[in-house]
Amino acid sequence: MTNKNPNLLLPKGLIVSCQAPTDSPLHHPEVIAAMAQTSINQGAVGVRIDTPSHIRAVRQRITQPIIGLWKQQIPGCEVYITPRFSDAVAIAEAGADIIAIDATLRERPGEETLATLITQIHQELGKAVMADVDTIEAAKLAAGTGADFVATTLYGYTELTKTEIPPGFQLLKQIVENLETPAICEGGIASPTMAKKAMNLGAYAVVVGTDITGIDSKVKAYKIEIIS
């Protein structure tokens, strides 16, 4: 672990994922930064931000922890959340405090492995790692290779879990019961009540995205419901 006390890396509580579809007017660094600052002003302990340009804009607005990632679609590779060390370097240089990576058991691009990626992020960048997993097997591997936090982010989004629907409360319980690494509940949290349930199950923190910042999808859902 980069720091033996996880609370010094990231306080317990609510993390807001400030992201937007690439074709949305919201997908602009200053808009994302405004979302992030608003979230912090209202009590979020940190934010989760995609792409170096957005991270850089957010860093200019807040001093609280930024969980950075860079979604990269690589031909022939299913891993897309910060898949390579070079991606981690870019978001670290942009100002991220914690690097979120795909930590599923799927094959990574090039010759990198989960273990080498986590080690490089720790040793060469001096950053903490949030491992986004889909199963307890992946969570155990991530914890065993040094991840500072393990998140349920990819539950329901991989071939192994495609029949499951987030939030991954069962996976969260397994992580809490089997690992000492702090567990983050992310994915599918659609109400304060659900977030509270995650914390009651032992989550160290809860990440909420669409239900707070997903204006595009929320408006679309209202429209569909109203005209149906």
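Mentor: Helix 6 and helix 7 cross in a right-handed way; the term means that the near helix is turned clockwise from the far one by less than a right angle, anticlockwise being left-handed. Bear in mind that this is a predicted model, where local features need pLDDT of at least 70 and side-chain atom pairs count only at pLDDT 80 or more, while totals for chains, interfaces and linings use all residues. Residues are numbered from 1 along each chain as its sequence is written, and side-chain values use heavy atoms, leaving out hydrogens and water.

Helix 6 covers residues 136-144 and helix 7 covers residues 169-178; helices here are DSSP runs (H or I, at least four residues), numbered from the N terminus. The two pack at an angle of about 40°, with axes 10 Å apart. Those axes are lines fitted to C-alpha atoms over the stretch in contact, and angles run from 0 to 180 degrees between N-to-C directions. So helix 6 is oblique to helix 7, given that under 35 degrees counts as roughly parallel, over 145 as roughly antiparallel, 65 to 115 as roughly perpendicular and the rest as oblique.

What touches what? On the helix 6 side, Ile136, Ala139 and Lys140 make the contact, and helix 7 brings Leu171, Gln174, Ile175 and Asn178; contact means heavy atoms within 4.5 Å. By class, that gives four nonpolar, two polar and one charged residues. In this scheme Ala, Val, Leu, Ile, Met, Phe, Trp, Tyr, Cys and Pro are nonpolar, Asp, Glu, Lys and Arg are charged, and the others, Gly among them, are polar.

Elsewhere, strand 1 (residues 13-17; a strand is an E run of at least two) has four of its five residues buried, meaning under 20% relative accessible area with a 1.4 Å probe, protein chains only (exposed is over 50%, partly exposed in between).
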